[in-house]
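I set out to look up the aromatic rings in this structure and how they pair. My entries follow in the order of the look-ups.

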Amino acid sequence: MADQDTSQEKTEEPTEKRLQDAKKKGQVPRSRDLNTLLSLVAAAISMLFLGQMLIVDLFDLMTGSLAFDLQVIKNPELMFEQISRSVAHGLGALAPLFALFVFAAFLGPVAMGGWSFSLESLAPKLEKLSPIKGFSRMFGLQSLVELVKALMKFLLVAAAAFSIIYFSISELINLGLMTVIGATAKAGSMLLWSFIGFSSVLILVALIDVPFQLWQHKDKLKMTRQEVRDELKDSEGRPEVKGQIRKMQRQLSEQRMMDAVPTADVVITNPTHFAVALRYDEHGLGAPKVVAKGQDFMAARIREIAADHNITIFEAPPLARALYGMVELNREIPASLYKAVAQILAYVFQLKDPSKVRPQKPTAPGYFDVPEQYRGETV
């Protein structure tokens, strides 16, 4: 029972598949404080680089819109035309600012959880109407954190606003004594510093909120041990599918092995139960290599292919069993079998040379210099 209770507790970190599935459903970490901070930073940047141009455009818009010609007043068509020009002028002046705000609005969510668009997250959910779940959300950890963040934001923003007003009170009073252009420019400068001040204090809030939202997102997606096992089983596939895949892989491997048989120099057999094809590069530095090996049916196929390609088939039961059992496919033979294999290869290469007298087949006792467990009766 204790093991069953443990398996039902969500103690396991979410898998990559779980995170991807949640992202498809629109469940990604989001931080409203980060979005607010980026919006304020965008406003500060726009005021810093576009403030002078924006103030001039707005000043021209105000003077042009508030100054009416007598002909415009008497003619409604001209009035509509002037209003249209004023609206177009205002939108053109504010367009860079709007573009920067839109960029900041997309940058925050993408930086937190990546791009995600899901219609499923827009669908109404009946569980949100549940009073029990509503109370749990009201008195849960997230509500407590939101309350702490709200109080922190209020205190920090209030402190920043008080500091800005305190150090700028004399300049605010003098705005009434300045010209319209000068007062507008001064107000824009004060607004810029206000945005910078508010952005600075919200950095502290964002540094707390962003890690918390990332942790909370993963905590919500935590899995039980049973869920992890079920997902692993689903991802690996059903046993019959895995068996079919292994069968296909084995068939492909066997086909590649059979394709390598024509490249062999000799096939050593048992003579019926085992067959091992060896290839030796006379100009290389390595030892002879096993390019194909098989037992029973596969051994018969290797012998058939070797016969079709005029490859020497040499009966040596102990050596064939030793090569089959000791050497993996595409690996070099061990040093303990060098002497036995060397005698066979020397005999095979002499057979391939028509200028030489037909050599005598090796039968010396040293030829059977193989480990004791591979020596036995010829099968």
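In which helix do Phe162 and Tyr166 lie, and how many residues apart are they? I worked from a predicted model. I found both residues in helix H7 (residues 141–174), four residues apart, which is about one turn of the helix.

Entry on the whole structure. I searched the whole structure for aromatic pairs and found five. For Phe162 and Tyr166, I noted ring centres 6.1 Å apart and planes at 20°, so I recorded the pair as stacked; the cut-off for stacked is under 30 degrees.

Entry on Phe314 and Tyr347. I read ring centres 5.8 Å apart and planes at 75°, so this pair is edge-to-face. I then checked where the two residues lie: Phe314 is in strand E4 (residues 312–315) and Tyr347 is in helix H13 (residues 338–352). They are 33 residues apart, and the pair thus links distant parts of the chain.

Are Phe314 and Tyr347 buried or exposed? I found Phe314 buried, with 2% relative accessibility. Tyr347 has a relative accessible area of 10% and is likewise buried, since buried means under 20%.

Entry on a charge and a ring. I looked up Lys293 and found its charged end over the ring of Tyr324, 5.1 Å from the ring centre.

Methods:
Residues numbered from 1 in each chain as written. Predicted model: local features only at pLDDT ≥ 70, side-chain atom pairs only at ≥ 80, totals over all residues. Heavy atoms only, no water. Phe/Tyr/Trp six-rings, centres within 6.5 Å; stacked < 30°, edge-to-face > 60°. Buried < 20%, exposed > 50% of the residue type's maximum accessible area, 1.4 Å probe, protein only. Lys NZ or Arg CZ within 6 Å of the ring centre and 35° of its normal.
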